[in-house]
Amino acid sequence: MSSNDLDALLRVTSSTYRGEAPPDIAFGTYDGAVGRLVLAVTGKGLAACSFEPENRVFEQIIRHVGTFVGPDPGRLDPVRRELDAYFSGRLRTFATPVDLALATPFARTVLQKTMAVPYGTTTTLEEIGERIGRPRALRAVGNAVGANPVCVIVPCHRVVHADGGLGDYAGGVAAKQHLLNVERRASVAR
């Protein structure tokens with residue numbers, strides 16, 4: 001699906017519910033300090049905050065979550081405000097609920113442990129493997145962290161290598177370093 005196809009589909013979808021119920025899944029973007037993030041909010045919470053291209057996220061949402069997708073600023077704006085506050089160092093804990101519908105059951109377990117990593121700190125794949133009772137499943141843990149569909153809010157950027165190296169990140173190593181720096185600066189300022 002091309003970007004033009006996605007725009008056309010969103011226009012058609014949004015025009016079909018004017019004056020009616022909003023879409024089941026609100027879809028849009030957020031342009032911030034680490035680039036463009038693609039957002040999708042379901043009735044359960046934020047299902048995507050992704051560095052992936054819009055069309056790829058849209059296809060995943062349709063395949064795994066639902067088909068009535070469209071723009072709904074009223075549901076996306078609270079997430080955007082929280083992201084603004086996070087990037088400015090004013091927010092440590094997101095209130096936005098998370099919907100891990102795009103993650104596998106194993107990845108959900110890993111990502112739930114990742115959400116428990118405190119603001120301004122880091123952990124390792126080994127530590128997460130220990131916490132889920134799978135200390136030797138480092139590759140699987142790494143794949144789950146790398147496939148995080150709700151970046152930033154589910155803080156996979158706080159997972160680093162045991163030797164202190166940053167490791168890979170969906171938004172790139174510079175974005176990961178930026179996120180860690182935001183948290184370090186805000187932690188020192190308080």
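**Entry 1: Arg 36 and its partners**

I looked up Arg 36 and found that it counts as partly exposed, at 40% relative accessibility. I note here that the model is a predicted one. I then asked which side chain meets that of Arg 36 in a salt bridge at 3.1 Å. The partner is Glu 54, with the 3.1 Å taken from N to O. Glu 54 is partly exposed too, with a relative accessible area of 22%. Arg 36 lies in strand β2, residues 35-41, and Glu 54 in helix α2, residues 54-64, so this pair ties together parts that are 18 residues apart in sequence.

I wrote down a general point next to this. Side chains of opposite charge can pair when their charged atoms come close.

**Entry 2: The other salt bridges**

How many salt bridges does a search of the whole structure find? I got 6. One of them joins the side chains of Arg 56 and Glu 52, at 2.5 Å from N to O. Arg 56 is partly exposed, with a relative accessible area of 43%. Glu 52 also counts as partly exposed, at 30% relative accessibility.

I also looked at Asp 77, which forms a salt bridge with Arg 80; their closest N and O atoms are 3.1 Å apart. Both residues lie in helix α3, residues 73-87, and they are 3 residues apart, about one turn of the helix. Asp 77 counts as partly exposed at 29% relative accessibility. I then checked for shared partners, and salt bridges of that kind join Asp 31, Arg 36 and Glu 54 into one network.

**Entry 3: Strand β1 and its neighbours**

Asp 31 sent me to the strands. The bridge partner of Asp 31 in β2 is Arg 36. β1 and β2 pair in the antiparallel sense, over 7 bridges. The two strands form a hairpin, with 2 residues between them.

Which strand pairs with β1 in the parallel sense? That is β4, residues 69-70, over 2 bridges. Ala 26 stands opposite Gly 70 of β4. I checked how covered β1 is, and 6 of its 8 residues are buried.

**Entry 4: Aromatic rings**

I counted aromatic pairs next and the total came to 6. The rings of Phe 27 and Phe 58 have centres 5.2 Å apart and planes at 80 degrees, so I logged the pair as edge-to-face. Phe 27 lies in strand β1, residues 25-32, and Phe 58 in helix α2, so the pair ties together parts that are 31 residues apart in sequence. Both Phe 27 and Phe 58 are buried.

Phe 51 and Tyr 169 form another edge-to-face pair, 5.5 Å centre to centre, with 75 degrees between the planes. Phe 51 is in the loop between β3 (46-50) and α2, and Tyr 169 is in the loop between β6 (159-160) and α7 (173-189), so here the parts tied together are 118 residues apart in sequence. Is Phe 51 buried or exposed? Phe 51 is buried, because its relative accessible area is 19% and the cut-off for buried is under 20%. Tyr 169 is buried with a relative accessible area of 10%.

I also noted one aromatic cluster, formed by Tyr 30, Tyr 86, Phe 87, Phe 94 and Tyr 119.

In α2, I found Val 57, Phe 58 and Ile 61 buried. They cover an arc of only 100 degrees around the axis, which puts them on the same side of α2.

I repeated the check on helix α6, residues 138-146, where Val 141, Ala 144 and Val 145 are buried. These residues also cover an arc of only 100 degrees around the axis, so they sit on the same side of α6. What do the buried residues of α6 pack against? They pack against α4 (105-115), α5 (125-131) and β6. The face turned away from the buried side carries Arg 139, Asn 143 and Gly 146, which are exposed.

**Entry 5: His 157**

Last, I looked up His 157, in the loop between α6 and β6. His 157 is buried, with a relative accessible area of 0%. The side chain of His 157 makes a polar contact with the side chain of Tyr 86, at 3.4 Å. Leaving aside neighbours within four places in sequence, I listed the contacts of His 157 as Tyr 86, Val 152, Tyr 169, Lys 176, Leu 179, Leu 180 and Glu 183.

Notes: Residues are numbered from 1 along each chain as its sequence is written. This is a predicted model: local features need pLDDT of at least 70, side-chain atom pairs count only at pLDDT 80 or more; totals for chains, interfaces and linings use all residues. Side-chain values use heavy atoms; hydrogens and water are left out. A salt bridge is a side-chain nitrogen of Lys or Arg within 4 Å of a carboxyl oxygen of Asp or Glu. Helices (H or I, at least four residues) and strands (E, at least two) are DSSP runs, numbered from the N terminus. Buried means under 20% relative accessible area, exposed over 50%, partly exposed in between (1.4 Å probe, protein chains only). Rings of Phe, Tyr and Trp (its six-membered ring) pair if their centres lie within 6.5 Å; planes under 30 degrees apart count as stacked, over 60 as edge-to-face and the rest as tilted. The arc is that of the directions from the helix axis to the C-beta atoms. Contact means heavy atoms within 4.5 Å. A polar contact is a pair of N or O atoms within 3.5 Å; within protein, one must be able to donate a hydrogen and the other to accept it, and residues adjacent in sequence count only if both atoms are side-chain atoms. Two strands pair if DSSP finds at least two bridges between them.
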